[in-house]
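Here is a short briefing to keep beside the viewer.

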Amino acid sequence: IELKSGILNIFLRTGVVFTQVDLWLGLSYCDGKWNEVTVNKEGSVISATMNELREQALEPRVQQLKVNSPVYIGGIPPEIHSFYRELGLEQGFGGCMKDVKFTRGAVVNLASVSSSAVRVNLDGCLSTDSAVNCRGNDSILVYRGKEQSVYESALQPFTEYLYRVVALNEGGSVSSVWTHARTRESVPQNVPTPSRVHSINGYSIEVTWDKPAGVIGVIEKYILKAYEADGPTVPITSAELADADMLTGILTGLHPFTNYAVTLTACTLAGCTESLHALNISTPQEAPEDVQSPTAISFPTFLLVSWSPPKTPNGIITQYTLYMNGIPIYSGNGTKYVVKGLAVFTPHQFVLAACTLAGCTNSSQVTLFTAQLPPSHVDAPVLTVLDSRTIYVQWKEPVEVNGILDRYIIYMATNEQNFTKWNVIYNSTELFLDFTIPQLFPGTEYLIKLAACTGGGCSISEASAAVTDESTPEGVPAPKAQSYTSDSFNISWTKPEYPNGIITNYGLYMDGILLQNSSQLSCYAYGLAPWSLHSFRVQACTAKGCALGPLVEARTMEAPPEGMVDVFTAVDGSKEVQLKWLAPNKPNGKLSYTVLVTGLFYADQ
């Protein structure tokens, strides 16, 4: 079917039979009113009717018409033009269509079933006051002159105009066929505010609106937008509705218990316009989301449980319910609760439910422990002396740990420090049950105690005692010999630096001879010659043996010399005398000599 130059042409091909019906219309259809066109095939008769005009053709050879392909109205796609070369195919239909009917079936809504529609109103034209009288006798002169082109402005949007050119000279005139052109659409004007908004739930609403009045063109789509009241000017969510026949749409992605302002936007191919005003709505409450698991401050026998409001409350929280091990233990509006009467370091499962008027939501389950305590009792360690310098320590794990065993600590004190200072010699999170203490002193008593620790603290056992095996003393000191008279010494010494056991006796050697053998730390030696040199050495003994200290030498004090000093003189001249003498028989010390001279001395004048 083709409308060209005022003629409605119908071409029908069935098999190899081609039939054509031409109905002359002129410009009678261009009056701004609706025109009803009927194309009919009954047996061999093909007819075309428009309003009061009718034309038909008889073709006995025509075959039965079966439609098994898409129906194109207003034009055909470019990709199939080559199959219909006999058609003009100058330009697709531009105008308004409605109430398309077939012999069988319901009325077709072109806007909903069409696969594409370009610059055509498939739902009916606008009011008749926008019609343009386009009959030939009432045409308006657009241009007069010698140019072969003209630009016409100030036309109506989305309006079809018919043009023809008349060429004149002195001999007469000739006219072209009528050709048509349609102006483009305009942006919609006066888009109304949605007429009704209804909440489906806290996350979606149903919006109803009226079709915008005065839209010149085809509405391609509607857009619903929701803004938070008193919020940013950017919409929170929007929905695009491509079916322009629908005047109701669903807007999703909203937040419960929130005030929104909803607007309507209508779009043509020229652009979109949003309603100046919005319709306000408050979404209803929903069950909370993102309910946080409770936390706790742990004590040995109770838990201080607390929680925060849901990240997304979706309304007003009416109640919290706290479950412990599946049993509700608290209901109310508070955000903390003390759970008492619990065992030490015991796990408990907690779930928090938060409720609004719309419902309740549970948090994820969390396991909370009561606090740890130190172990109830720690047995004293078992000590085994391996040799003179090593003790092997063994212990047992506490029966009541009261938590998670974290470490063992070994403390040690010695009799050398009167057991008043305890040193840490082992501190490890490796939960072994033994330890070897090396590098000890032989023959020394040690006190050793064990501490077992959890996250709640440490418990310390009673001390166990052990004495390392004795050995030969080490570090025997040098004696200190002091002489206060010319014939005696006071000799003293200290204990060895490392006794390595119990000292049984000390031996004092003078000049290589054992002078004293006792447990004393001093000795008095007398009956010695004045200023006489002597050597001293101390020997210390344990049950395992003896050791000597370093050698020390000392002299007795001096005494007056004993015996005569023999003097010899020799005259060397008139002015010199040489003296010589012999030392006393017993000097009794370091000697110094004084020469006394009496008589006359020579002096130079």
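Is N51 buried, partly exposed or exposed? N51 has a relative accessible area of 40%, so it is partly exposed, because that class runs between the 20% limit for buried and the 50% limit for exposed. Please keep in mind that the model is predicted. With that said, let's look at the chain as a whole and then at its parts.

**Overall shape and make-up**

- The chain has 605 residues and a radius of gyration of 63 Å, whereas a compact globule with that number of residues would come out near 25 Å.
- Along the principal axes, the C-alpha atoms occupy a box of roughly 190 × 95 × 55 Å.
- Buried residues account for 33% of the chain.
- If you take the contacts between residues at least 6 apart in sequence, 60% of them link residues at least 24 apart.

**Surface and charge**

- The accessible surface of the chain is about 37200 Å², and carbon and sulfur atoms contribute 52% of that area.
- There are 55 negative and 39 positive side chains in the chain.
- The centres of the positive set and the negative set are 6 Å apart.

**The nonpolar cores**

- As background, nonpolar side chains in soluble globular proteins tend to be buried together.
- The largest nonpolar core here has 20 residues, and the members that touch the most other members are I205, V207, W209, Y222 and L224.
- At least two residues of this core come from each of strand 12 (204-208), strand 13 (221-228), strand 14 (237-241) and strand 16 (259-268).
- The biggest contribution to this core is from strand 16, which supplies 4 residues.
- There is also a second, separate core of 18 residues, with I391, L405, Y426 and I448 among them.

**Two asparagines with positive phi**

- Most residues other than glycine have a negative phi.
- N51 has a positive phi of about 55° although it is not a glycine, and its place is the loop that runs between strand 5 (45-50) and strand 6.
- N588 also has a positive phi, near 60°, and is likewise a residue other than glycine.
- You will find N588 in the segment after strand 44 (577-581).
- N588 counts as buried because its relative accessibility is 11%, and the limit for buried is under 20%.

**Loop residues**

- V399 sits in the loop between strand 28 (390-394) and strand 29 (407-414).
- The relative accessibility of V399 is 81%, so V399 counts as exposed.
- From V399 to V207 is 71 Å in space, C-alpha to C-alpha, and 192 residues in sequence.
- E170 belongs to the loop that joins strand 8 (166-169) and strand 9 (172-175).
- With a relative accessible area of 88%, E170 is exposed.
- E170 and N35 are 135 residues apart along the chain, and 41 Å separates their C-alpha atoms.
- G74 is located in the loop between strand 6 (53-58) and helix 1 (110-113).
- G74 counts as partly exposed because its relative accessibility is 31%.
- G74 lies 37 Å from G172, C-alpha to C-alpha, and the two are 98 residues apart in sequence.

**A buried strand residue**

- T14 is part of strand 2 (residues 7-14).
- The relative accessible area of T14 is 5%, so T14 is buried.
- Not counting residues up to four places away in sequence, T14 touches V62, Q63 and L65.
- T14 and S204 are 54 Å apart in space, C-alpha to C-alpha, and 190 residues apart in sequence.

Key:
Residues are numbered from 1 along each chain as its sequence is written. This is a predicted model: local features need pLDDT of at least 70, side-chain atom pairs count only at pLDDT 80 or more; totals for chains, interfaces and linings use all residues. Side-chain values use heavy atoms; hydrogens and water are left out. A nonpolar core is a set of buried Ala, Val, Leu, Ile, Met, Phe, Trp, Tyr and Cys residues joined through side-chain atoms within 4.5 Å. Buried means under 20% relative accessible area, exposed over 50%, partly exposed in between (1.4 Å probe, protein chains only). The radius of gyration is taken over C-alpha atoms; the globule rule is 2.2 Å times the number of residues to the power 0.38. Contact means heavy atoms within 4.5 Å. Accessible areas come from the Shrake-Rupley method with a 1.4 Å probe; for residues, only the protein chains shown count as cover. Lys and Arg count as positive and Asp and Glu as negative; His and the chain ends are not counted. The place of a charge is taken as NZ of Lys, CZ of Arg, CG of Asp or CD of Glu.
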